[in-house]
Amino acid sequence: MKFLSDKTLEHLREAAEIPDLTGTRYRLLERVARGGMGVVYIVEDERLQRRVALKVFDAPGADRDLANRLTREALVLARLEHPGIVPVHDVGTLADGRVFYTMKFVQGQRLDKYLESVASISDRLRIFVRICDAVAFAHAHLVLHRDLKPANIMVGSFGEVLVMDWGLAKLLEQQVRRPTEVADPDDTIFETPTQAGNSNAGTLPTSDATGHGTVMGTPGYMSPEQERGEIEHLDARSDIFSLGALLRFLLTSDSKASAATARKPRLDKALYAIYSKATAPNPGDRYPSVPQLAEDVSRYLDGLPIKAHHESFIEKLGRFYRRYRFFILLIGAYLLMRVLIVFFMHR
Amino acid sequence: MNKVLLGLLLGAALGAIDGGTAWFTPAVRSMMVGIIVGSTIKGLIAGVAAGVFARKVNSVPLGILFGLAVGFVLAFLVAYMQHGYYFEIILPGSVVGMIVGYATQRYGVAPAPASATR
């Protein structure tokens, strides 16, 4: 009896995963990444003659809940039209029964890789503020990401910052309607996805595919309440915790950073205060909203006092000096020059 | 603070300090008030000019150069009228112009664009 090698098995597995794009307008080009729920391929949209990313389940025959989750992810993305969130183009079902959706193909680097070329703290903080903008937009549309981490942030080749992988996203209210339901004309509506090929229309999942007690997320980045599986009680402050952990990663490049490990990072006092407030174990002690967190970081960048930290007089002076350093040095140089002129005149 | 007001206040303050240092020159101590007033006006003019320039041109190096030039010209005129103390007047006057030119570019707030109306 001859056994197959690991390499052969892996090759066979990959071959089995290759999506059957028959009947769709897409042509497979290459596989780019594997996520928690599926695999991402680069495909060519033959109708529009452009490259797009296609996300599909790992293997045919995956259970219905997972299929619904992928559809949900596409629907969540479709409602979030923001420059910091990757736009979804299409959703449907392949000939082999697997659910897929296509989205903009982002050429760039994952945040953790990108940071290797960004040394300046202020540049890193500006990236963080842009991540906050995208997450705040999602929260304004009642969507929680629930899996914010460096691997889910992409920085495009033109410096654009995109929040990816909304597979664990939670809708804060029952806003996803079945197509037959009548919607408030002023409300955001999910249209039934326009199907490509033999797409499966009409089966919209519920607002949250994750049941109470289920733990989903990334250790070190998910909030304590998310770790405890308190899915029903999660709100914007859970994502704020993840943003705090992300802030720590941006400032220290420590991928194993975790509030649970509680090792105090070497940060500027004000930045540490922002980080601590964002990652407070009790949600009530955190920033109430993402814009408030972003505002504190922006204030820090502008050399203004932040709300998370009450500074002493000495700290105020230090901040004033940092903010107006060049100007203070110019005035100092001027006064010194004045003293020297007087000194030499009286020699 | 808007660029012109910042230039005006900073120019006047630095001009007054500039004039006040004349106290260390005993020969002109009797004319202190006139020197301080004159120097304040000189700084004020340089500051306003730098502020107006900063509103038109958004460039720190050009702002510094412009401030330097205005400070130099004004200080030269003052020294010329004094018939002396060229170095003691022109050098600090030019530096004050530079500082004001930098500050108006760097810290002055540009006026908000007028909203479009029909």
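Leaving aside its neighbours within four places in sequence, with which residues is B:Val100 in contact? In this predicted model, the partners of B:Val100 are B:Gly7, B:Leu10, B:Gly11, B:Leu14, B:Ala46, B:Gly47, B:Ala50 and B:Gly67. B:Val100 itself belongs to helix α4 of chain B, which covers residues 86-107. The residue counts as buried because 36 C-beta neighbours lie inside 10 Å, where 20 or more are required.

Chain B contains four helices and zero strands, and its elements follow the order α-α-α-α from the N terminus. Its C-alpha trace extends over about 65 × 25 × 20 Å along the principal axes. Of the 118 residues in chain B, 46% are buried. Among the contacts in chain B with a separation of 6 or more, 72% join residues 24 or more positions apart.

B:Thr40 is located in helix α2 (residues 32-56) of chain B. It has 20 C-beta neighbours inside 10 Å and therefore counts as buried, since the limit is 20 or more. Apart from neighbours within four places in sequence, B:Thr40 makes contact with B:Ala12, B:Gly15, B:Ala16 and B:Gly19. B:Leu9 is 31 residues from B:Thr40 in sequence, and their C-alpha atoms are 9.9 Å apart in space. B:Asn58, by contrast, is placed in the loop between α2 and α3 (60-82) of chain B. B:Asn58 counts as exposed because it has 11 C-beta neighbours inside 10 Å, and the exposed class holds residues with 12 or fewer. The C-alpha atoms of B:Asn58 and B:Ala110 are separated by 9.4 Å, although the two residues are 52 apart along the chain.

Of the contacts in chain A between residues at least 6 apart in sequence, 62% connect residues at least 24 apart.

The largest nonpolar core comprises 75 residues, and A:Ile131, A:Val135, A:Leu243 and A:Leu246 have the most contacts inside it. The greatest contribution to this core, 10 residues, comes from helix α6 (residues 236-252) of chain A. At least three residues are drawn from each of domain 1 (17-105 + 176-203) and domain 2 (107-168 + 210-310) of chain A. A:Ile131 is in contact with A:Ile153, A:Val161, A:Val163 and A:Leu246, when neighbours within four places in sequence are left aside. A second, separate core has 28 residues, including B:Ala49, B:Phe53, B:Leu68 and B:Ile99.

Helix packing in chain A is shown by α7 (residues 269-278) and α8 (residues 290-301), whose axes are 10 Å apart and form an angle of about 175°. Helix α7(A) is therefore roughly antiparallel to α8(A), a description applied to angles over 145 degrees. In this pairing, A:Ala270, A:Leu271, A:Ile274 and A:Ala278 of α7(A) meet A:Leu293, A:Asp296, A:Val297 and A:Tyr300 of α8(A). The residues of the contact comprise seven nonpolar, no polar and one charged.

Most residues other than glycine have a negative phi. A:Leu142, however, has a positive phi near 60°, and A:Arg146 has a positive phi near 70°. A:Leu142 is situated in the loop between α4 (121-140) and β7 (143-144) of chain A, whereas A:Arg146 is situated in the loop between β7 and β8 (153-156) of that chain. With 16 C-beta neighbours inside 10 Å, A:Leu142 counts as partly exposed. A:Arg146 counts as buried because it has 24 C-beta neighbours inside 10 Å.

The contact between the chains involves nine residues from chain A and nine residues from chain B. On the side of chain A that touches chain B, eight residues are nonpolar, none is polar and one is charged.

Key:
Residues are numbered from 1 along each chain as its sequence is written. Chains are lettered from A and ligands numbered from 1 in the order in which they are written. This is a predicted model: local features need pLDDT of at least 70, side-chain atom pairs count only at pLDDT 80 or more; totals for chains, interfaces and linings use all residues. Helices (H or I, at least four residues) and strands (E, at least two) are DSSP runs, numbered from the N terminus. Two residues are in contact if their C-beta atoms, placed from the backbone, lie within 7 Å. Axes are lines fitted to C-alpha atoms, for helices over the stretch in contact, and angles run from 0 to 180 degrees between N-to-C directions. Angles under 35 degrees count as roughly parallel, over 145 as roughly antiparallel, 65 to 115 as roughly perpendicular and the rest as oblique. Ala, Val, Leu, Ile, Met, Phe, Trp, Tyr, Cys and Pro count as nonpolar, Asp, Glu, Lys and Arg as charged, and the others, Gly among them, as polar. A nonpolar core is a set of buried Ala, Val, Leu, Ile, Met, Phe, Trp, Tyr and Cys residues joined through C-beta atoms within 7 Å. Domain bounds come from an automatic or database domain assignment.
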